[in-house]
Amino acid sequence: KTKQYQLGLALVFLGRQVEEDSSILTTAKPVLQRLNEEVGESVSLNILDGNERRCLLNLDSKHSLSARAYVGDRAPLYAGASAKSLLAFLTDEQIVTYLQNVELTAITQHTMTNLSELKKQLEEIREQGYATSKSERVLGANSVSVPILAGPRQPIASVTIVIPEVRYAQYDEQQLIALVKQAAHQIQRQF
């Protein structure tokens, strides 16, 4: 007798996810490396993974004191710039469904747990085209994040700069936003 194995649908889906992730990684990595070199701070690429944000790539800061994301790290979509920049660009129906099924639990004292305020923030993020956060998910970490969109209301990833709070004031936030937008849009055009 021979033993036969059959791939389950979950494994097929996982294979497709890895293939898609590899494609965006190949496109994004050189762009993110340039951003990392220019700013000298941690830069990450994050994707939607079900109802969470997952870090797909992190390029470390050149500084000894750094704030960073870890590859494979997951976070709820309601906390932090990298996650909120994904959540805000989902369809209205997807956002409503997510918010109905998630408990807004404080991760730090700066995590938004008020539903009506979170909805306002998401609308503002959508209008601006970017998200910022200050110690929402990790105390002492400030972030700027911009989504990469496959189409209107179809976020596929986010580009994020993470800077320790003690150094954040040294930067012009509008310049950081412009640099992250430029990187995200460059990846979006190539993908």
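The following legends describe close-up views of one predicted protein model. Because the model is predicted, local features need pLDDT of at least 70 and side-chain atom pairs count only at pLDDT 80 or more, whereas totals for chains, interfaces and linings use all residues. Residues are numbered from 1 along each chain as its sequence is written, and side-chain values use heavy atoms, with hydrogens and water left out.

**Figure 1. The protein chain and its helices and strands.** The secondary structure of the protein chain comprises 6 helices and 6 strands. Helices (H or I, at least four residues) and strands (E, at least two) are DSSP runs, numbered from the N terminus. From the N terminus on, the elements follow the order α-β-β-β-α-α-α-β-β-β-α-α. Of the 191 residues of the chain, 46% count as buried. Here buried means under 20% relative accessible area, exposed means over 50%, and partly exposed lies in between (1.4 Å probe, protein chains only). A contact means heavy atoms within 4.5 Å. Among the contacts in the chain with a separation of 6 or more, 61% are between residues 24 or more positions apart.

**Figure 2. Leu45 in strand 1.** Leu45 lies in strand 1, which spans residues 42-49. Is Leu45 buried or exposed? Leu45 is buried, with a relative accessible area of 0%. Leaving aside neighbours within four places in sequence, the contacts of Leu45 include Ile24, Leu25, Ala28 and Leu32, as well as Cys55, Leu57, Ile148 and Val159. The C-alpha atoms of Leu45 and Pro147 are separated by 9.6 Å, although these residues are 102 residues apart along the chain.

**Figure 3. The buried side of helix 3.** Ile95, Tyr98 and Leu99 are the buried residues of helix 3. Seen down the axis of helix 3, these residues fall within an arc of 95°, so they line one face of the helix. The arc is that of the directions from the helix axis to the C-beta atoms. An α-helix has 3.6 residues a turn, so residues three or four places apart point the same way. The buried residues of helix 3 pack against strand 3 (74-76), helix 2 and helix 4. Glu93, Gln100 and Asn101 are exposed on the other side of helix 3.

**Figure 4. Helix 4 and the elements that cover it.** Helix 4 (residues 115-128) has 14 residues and reaches 20 Å from its first C-alpha to its last, close to the 20 Å expected at 1.5 Å a residue. The expected span of a helix is 1.5 Å times one less than its number of residues. Which residues of helix 4 are buried? They are Leu118, Leu122, Ile125 and Arg126. These residues cover an arc of only 100° around the axis, which puts them on the same side of helix 4. What covers them includes helix 2 (81-87), helix 3 (92-101) and strand 4 (131-134). On the other side of helix 4, Lys120 and Glu127 are exposed. Gly129, whose phi is positive, near 90°, follows helix 4.

**Figure 5. Two loop residues with positive phi.** Most residues other than glycine have a negative phi, and most peptide bonds are trans. Ser135 is not a glycine, yet has a positive phi of about 60°. Ser135 is found in the loop between strand 4 and strand 5 and is buried, with a relative accessible area of 3%. Arg153, also a residue other than glycine, has a positive phi near 65°. Arg153 is placed in the loop between strand 5 and strand 6 and is partly exposed, with a relative accessible area of 24%.

**Figure 6. Helix 6 and its two sides.** Helix 6 (residues 173-190) has 18 residues and reaches 26 Å from its first C-alpha to its last, close to the 26 Å expected at 1.5 Å a residue. Leu176, Ile177, Leu179, Val180, Ala183, Ala184 and Ile187 are buried in helix 6. Seen down the axis of helix 6, these buried residues fall within an arc of 165°, so they line one face of the helix. On the other side of helix 6, Gln174, Gln182 and Arg189 are exposed.
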